[in-house]
Amino acid sequence: MSLADETPSGTLTPQPTAGSERQSPGSRPDASLRPLEPSAGGPDERVPGAFGRLLRSELRLVLGRRRNVILLSGLAAVPLLLALVLFLTRSSQSAGEGPGFVGRVTENGLFLVVAAIFVCLPFLLPLTIAIASGDAIAGEASAGTLRYLLVVPVPRTRLLVVKALAALAFAGSAVLAIAIVGLVAGAGFFGLHDVVLLSGDTVSLGAGALRIAGVVVYVALSMTGLVAVGLFFSTLTEVPVAAMAATVITAIVSGVLDALPALHAIHPWLLTHHWLDFAELLRIQPDWRTLASGLGVQAAWIVIFSTLAWARFTSADVSS
Amino acid sequence: MTPAATAVGDEAEAGSEDTGPLAVRSDGLTKRFRSGQVAVDGLGLRVPRGAVYGFIGPNGSGKTTTIRMLLGLVQPTGGRSWLLDESMPRASSRVLTRVGALVEGPAFHPYLSGRANLARLDAVDATADPRTRTRRSGEALERVGLSAAADKKYRQYSLGMKQRLGLAAALLRPRDLLVLDEPTNGLDPQGTREVRNLVRELAAGGTTVLVSSHLLAEIEQVCSHVGIMSRGRLVLQGDRSVLAARGDARVAVVTTPSCVATAAEVLRGLGLGSPDVEGVRLVAPLGEVPPERVSAALVRGGVDLVGFEVRRSNLEQVFVELTGEGFDVAR
Amino acid sequence: MGDSARMSSKARWAVPAGAAVAVVGLFAGPPLLASAGSSGLPAITPQELVAAVASHQSQALSGTVAYTARLGLPSLPLGSASDSADPTNLLSGTTTMRVWTDGQERSRVSLIGQTSEYSVVADGPQAWTYSSAKNAVVHFTLDAAAAKRFQAEHGKTTSTPSVAPSMPTPGQLADQSLAQVQKFSTVTVEGQSKVAGRDAYELVVTPQGGGTLVSRVVVAVDSQTKTPLSVQVWSTTNTKDPALEVGFTSVRFAMPSSAVLTFSPPKGASVQQKVVGLPAGHPMAPSAPSATGGLPHGATVHGTGWATVVERSVVPEHGRLQGHAPTTVPAPSGAASSGPGMLGQLGGSDGSTPGMGGDQAALLNELTTKVPQGRLLSSALISVLITNDGHVLAGAVPAATLQALA
């Protein structure tokens, strides 16, 4: 404003001819005229490995973010805490008791992995995953970085895929963090022994460890549906907390509905209904169809919610 | 008054004005929000290649929505647009690599450093060469004067530093078109001057620059073309000569009370139309008459010339005239 | 252009819609197809079918069984027992079981809890139960006399000797309802169905003479192996759903691996030893007496057939408190070891009743109501009355019948 007032009449044009001069030579100016270096690789050429670079960048962002590291550390603390409590109370009256697999830990440290997963499964694990997946798109939208990603340009579908993969990787890391700390703490506090199955039969340490590895994989895969739900909510809003809350609530509501006998008919379809089916791997003859149907339900949630997320994200206006 | 100039947005007029290649073009670009509000109404932008196009309008006049539509962030509800002769948003993945953009202020990850933020943006660019990333981001930071603060966390940046980082991101790679939405927001006068110089420098290198602002002064000095928006419509568009043509120059004569009648007669005699008389002061539109002829005629006619002034309206006056509102009026 | 872009963005929503339809189709489709009636099975008379079922025992199989009880009992308070596998689960709701048998004298039945399991392993003259929730083993062995008899009769009969408490598998239920009550019933073959993906005949057993809570029993019999695949027991009080429903959801006719049919107590588990005898009168019969098996000492029988009521007096040393009378009750419906059977066994303190340990008094109080004659339990299939003077009456009859007898 002030500058405009100072400007005397007729001196509005510092370089009035620049525009008209440059207009004529053609659309692409000579590279030598550019103030910046002539780049290696023209702007239109894709440099091979683009998807890998995008994914690595996203993973670094998600797994390197301090909030997420704290979340993972919090989950990893659960088996440690559990081990400590069980170790200190192992000679008391209540030793050997506890829900799920908690009562077995003092006999065999390997069960600390399963017990810690069992303890985290109802709330802590879904919460962690909801935070990561609900943040995926909404976080970028609220920070405003989404528009800059899109004008880089990153095609929306590709961005969504990478966001989903990073959220899945985070979910996997969360389960793995519990498992690894559980294994180390369990071995340290209680030692590793042959595994007594739910059926009362005993299998060797190697076979038992393999089954428990299977439990970890199954639980990690069981989280994928929730990741898809979180991703969808994340495309709906620019408020990450809203997406996270909606995702956690979905998991909780699913758990509540699963506990109502009157809704028996819809139970097999619920997101959380098959989560505890990991126990199947600790029976004498795991029923693979039970495990497969659990994963099938997750796949169904993934298909529906990832296509919803895609439809929403690729058609929505980015106005944040 | 040239009625044609006010009616920009009409296809025929806009098309006839620029026949050279266009860096940005839109036909009837319209955005109607779900609420029913029309944010942008039938916009016909014509940004010639190599131009520095000042995209001016009060806050809320639809500039940012237009820029978002041009960049494929927001879907138009009507009309179409082209960037560098490629249809948007269809060609966005091809054409946007040649476009640097600053949209509605800078936005970066607060917990990353400026340098890491640039590295992130470069890493997600499928056409950027990772081998030259460090050098290019270093150069971009240098250009915007951010080298010293490059490794500070973004959240510790001042508003001006954030703005500079946004510019650095737009300059990570050589661009054929820069779209800068309010690039001087939050900058001090020194920073504003630097941005202007940067725009000049880039334009000299052949880059087309579309720069939006609600502060006319910042743009006025650098742009070769202007487009003025008001209430979602483009009310004026063209190169600077359009403004000059609208330069509604007037002559003001201050004389003694006895000479007022004579002076009025002389002005009428020159064909300036009837002057407004306020005491000893006469103001008349200058039209095509050279001011020196007026002063000479007045002296010849025996008018005591106490004062003589030629007033030419600047862009801001044009703007106020066209939009009928001040610069800080939001809708 | 703008319009076509909007069209395409609308069209995108067709993708999730299509995906949802595909998913629903994929998941809901197969069961719908499977439940469609089968046809083309050769005709068979009820008598032939019943005879065939009686000899099905030689079938080795493994499979999953769904068990549902709708007995109309008061709902039990949610406690540890409700989420861990325990035979009390059989009183109401749906329970999943896994069944393995060699068709002879070795078998394993597991009640599947979400993260627990209750297993009953029968291995010739010995048997085990294992509760993962309690990490407790009960080891059943025969007393000297019974062991001798077992050795002598070993391999000479096709009926499965059950040393351990039996579990309500379709085979168990079908055997008991078909073999014992045929003369009090009309038996018909009423059509064909598909159970666990296999063609089956539907055998309907309708009690004659009335006076019972059982309106009919429907047994689906595998057309090839003549193995009972499912049993529904319908009550006269509920015509919409069967009061008791047991059926395979999947079944494989093959010899299970020997590891499944053996058991040894895990390290760290508590082991309780039980020595039991085989009841007299019926070789190799279940230790829990059935309607035609040897009645326990001191029992009286009122009525016949489905409407049989058994009355026992309390054995003094067990009658610690009223309403805690040890009793085992015949299961006229044939559901000796299922929910109704268990109701009949309520208060049995001999320890052979699975999972009925110290909580049984509390459980009994939960399930019974006070009536002038004593405490009454009434369900869709069975009624039990524990009288004030220490008698227990039980039968598949309305509660009023018991009250009249008391």
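1. Let's start in chain A, with helix H11. Helix H6 (124-143) and helix H10 (224-236) of chain A are among the elements that cover the buried residues of H11(A). Keep in mind as you look around that this is a predicted model.

2. Which residues of H11(A) are buried? They are A:Pro240, A:Ala243, A:Met244, A:Thr247, A:Val248, A:Thr250, A:Ala251, A:Ser254 and A:Asp258. An α-helix has 3.6 residues a turn, so residues three or four places apart point the same way. Look at the other side of H11(A) and you'll find A:Val256 and A:Ala259, which are exposed.

3. A word on the length of this helix. H11(A) runs over residues 240-259, 20 residues in total. From its first C-alpha to its last it reaches 29 Å, close to the 28 Å expected at 1.5 Å a residue.

4. Now for the nonpolar cores. The largest one has 258 residues, and the members that touch the most others are A:Val113, A:Ala115 and A:Ile178. Helix H8 (residues 156-190) of chain A gives the most to this core: 19 residues. Another core, of 14 residues, lies apart from it, and its members include B:Val253, B:Val266, B:Leu267 and B:Leu272.

5. Leaving out residues up to four places away in sequence, A:Val113 touches A:Ala179, A:Gly182, A:Leu183, A:Gly186, A:Ile212 and A:Val216.

6. Over to chain B, which has an open sheet of six strands in the order E7-E8-E9-E4-E10-E11, with mixed pairing. Which strands are at the edges? Strand E7 (99-102) and strand E11 (233-239) of chain B are, since each pairs on one side only. From one strand to the next, the twist averages 10°.

7. Zoom in on one pair in that sheet. Strand E10 (residues 225-230) of chain B and E11(B) run antiparallel and are joined by six bridges. Here B:Ile228 stands opposite B:Leu236 in E11(B).

8. Helix H3 (residues 63-70) of chain B lies across strand E4 (52-56), strand E8 (177-181), strand E9 (208-213) and E10 of chain B, at about 150° to E8(B). Helix H8 (residues 189-204) of chain B lies across E4, E8 and E9 of chain B, at about 155° to E9(B).

9. Finally, chain C. Its secondary structure comes to nine helices and 18 strands. Of its 406 residues, 47% are buried. Among contacts in chain C with a separation of 6 or more, 62% are between residues 24 or more positions apart.

Key: Residues numbered from 1 in each chain as written. Chains lettered and ligands numbered in written order. Predicted model: local features only at pLDDT ≥ 70, side-chain atom pairs only at ≥ 80, totals over all residues. Core = buried A, V, L, I, M, F, W, Y, C linked by C-beta atoms within 7 Å. Buried ≥ 20, exposed ≤ 12 C-beta atoms within 10 Å, placed from the backbone. Helix = DSSP H or I, 4+ residues; strand = E, 2+ residues; numbered from the N terminus. Contact = placed C-beta atoms within 7 Å. Pairing = 2+ DSSP bridges. Axes fitted to C-alpha atoms, helices over the stretch in contact; angles between N-to-C directions. Expected span 1.5 Å × (residues − 1).
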